[in-house]
Amino acid sequence: MHHGMQRREWLALAVGSAAALAARPAWAAVAAQAETPLQTFTGPDANPYWNSVGPYVTYPQKVPLLRLTDRPIQLETPRHYFRTAITPNEAFYVRYHLPLTPNAIDLAQWRLELTGNFKKPVQLSYDQLHRDFRSVEIVAVNQCSGNSRSRFQPRVPGGQWGDGAMGCARWTGVRLRDVLDRVGIAPGTVQIQFEGLDHGPGPVGKGSHRFLKSWDVHESILNEAIIAYAMNGEPLPMLNGFPVRLVMPGKFATYWTKHLTHIRALTAPDTNFWMTPAYQIPDTPNGNTTPADLKAGKVKMVPIGHVDMPVRSFIVDPDDSRPMVVGAPAVVRGIAFSGQGGIRKVDVSTDGGQTWKPARLGPDLGRYAFREYQFVWTPTLPGLQTLAVRATDSGGHVQPDSGVWNPGGYLWNKIERQQVLVIQA
């Protein structure tokens with residue numbers, strides 16, 4: 001169990017992690033860069049950089065990450081951490097919606113409460129989750145719904161993420177369905193609601209001081225979801241949901257409830273702010289619309305949970321930090337993923353998307369995981385060259401070469417390009 005650890009050893013590790021967090025201050029250390037004016041991309045043009053623009057800050061259990069905001073905490077993962085399919089825990093991005101987040105949790109007192117229209121409501125301890133349910137594991141991408149929002153034209157409000165509001169981890173926990181079966185869903189239940197420990201003032205006048213997300217009771221994702229207590233073989237970092245969080249493979253991170261503490265069986269649809277109007281997309285192909293149609297009231301909106309994450313791929317190297325050399329082989333590499341099926345093919349273009357050649361794929365860690373790719377390129381001409389990458393998943397979905405627009409800034413998956421300088425040796 002858990003790479004050879006016994007349950008008692010695992011619990012000791014989790015308790016030790018919680019104690020260490022309680023002994024450390026929760027505030028962030030801000031790098032000197034924060035005092036230096038940065039080139040901005042506040043508009044009206046799209047963000048030209050891979051990441052967002054912001055200071056590097058260090059929070060407990062985290063390496064320096066790019067800060068979008070600190071109330072609520074939004075931290076973006078720098079580009080170089082995506083050279084491998086598994087994102088290190090300490091580099092995993094952070095996204096909260098409300099300003100009051102836990103700094104320490106007493107596992108002896110913590111309980112996962114299942115209440116509402118269940119046949120046998122119960123409170124489960126951390127120890128019971130380990131002891132009473134079978135352990136399962138899945139490698140899956142957690143991606144913020146607004147990843148790459150800073151690419152949108154016209155610009156839309158919200159966290160102006162670059163491409164780093166995502167990560168892939170090996171999640172260990174128990175099946176949500178096993179827990180629901182233990183308590184029994186009573187007749188008349190229409191939705192299952194999830195809540196964590198983060199809270200505090202949200203958008204003014206919206207009654208949004210708690211972050212609540214719900215699924216219709218017959219949604220298939222409830223059969224795939226797990227309640228995770230481990231991330232890459234270790235207890236979850238506090239900022240990524242300790243002691244347990246939901247893992248909803250293939251779905252956007254807004255449904256991956258952190259610090260999961262309440263599961264409720266509802267007999268009426270959940271109409272809280274975070275279900276409607278927040279996190280809604282146009283009920284159109286690719287979630288695409290126009291500002292004009294939106295303003296004219298022509299657009300029906302539905303929860304973003306109605307769709308899986310679209311197929312995407314990214315160039316991690318080269319990043320234009322140094323020139324390429326004519327005649328010298330260089331490796332173009334990065335990652336690809338899809339919530340609609342595993343990655344079947346990645347193509348690379350060295351002429352800005354005019355022609356394409358297949359890249360070599362790395363190990364297949366599962367249909368919801370990052371898939372590494374590599375392509376060896378030997379430049380033949382000096383000057384500025386444009387690389388591009390596109391992925392195809394097992395369902396036949398191919399990345400488009402056009403962007404989308406919707407008022408939430410969601411579902412961006414346009415083909416990525418990287419300009420590089422090639423010099424003569």
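Author: A residue is called buried here when its relative accessible area is under 20%, exposed when it is over 50%, and partly exposed in between (1.4 Å probe, protein chains only). This is a predicted model, in which local features need pLDDT of at least 70 and side-chain atom pairs count only at pLDDT 80 or more, whereas totals for chains, interfaces and linings use all residues. Residues are numbered from 1 along each chain as its sequence is written, and side-chain values use heavy atoms, with hydrogens and water left out.

Reader: How many helices and strands are there in the chain?
Author: Helices (H or I, at least four residues) and strands (E, at least two) are DSSP runs, numbered from the N terminus. Counted in this way, the chain holds five helices and 26 strands.

Reader: What is the radius of gyration of the chain, and why can the chain be called as compact as a globular protein of its length?
Author: The radius is taken over C-alpha atoms, and the globule rule is 2.2 Å times the number of residues to the power 0.38. For 425 residues this rule gives 22 Å, and the chain lies close to that value, so it is as compact as a globular protein of that length, with a radius of gyration of 22 Å.

Reader: Among contacts between residues at least 6 apart in sequence, what percentage join residues at least 24 apart?
Author: The C-alpha trace spans about 70 × 55 × 45 Å along its principal axes, and 54% of the 425 residues count as buried. With contact meaning heavy atoms within 4.5 Å, the share of such contacts that join residues at least 24 apart is 73%.

Reader: Which residues of helix 3 are buried, and where do they lie around its axis?
Author: Helix 3 covers residues 176-183, and its buried residues are Leu 176, Arg 177, Val 179, Leu 180 and Val 183. Seen down the axis, and with directions taken from the axis to the C-beta atoms, these residues fall within an arc of 160°, so they line one face of the helix.

Reader: Which residue forms a salt bridge with Asp 127?
Author: A salt bridge is a side-chain nitrogen of Lys or Arg within 4 Å of a carboxyl oxygen of Asp or Glu, and by this rule the count comes to 15. Asp 127 is partly exposed at 21%, and its closest N and O contact, at 2.7 Å, is with Arg 131.

Reader: Which residues make the nonpolar surface patch of about 260 Å²?
Author: By the Shrake-Rupley method with a 1.4 Å probe, the chain exposes about 18000 Å², of which carbon and sulfur atoms supply 52%. Patches are made of residues with over 30% relative accessible area and no salt bridge, like charges being joined within 9 Å and nonpolar side chains (Val, Leu, Ile, Met, Phe, Trp, Tyr) within 5 Å. One member, in strand 25 (residues 383-393), is Leu 384, which is exposed at 58%. The patch of about 260 Å² is made by Leu 384, Leu 421 and Ile 423.
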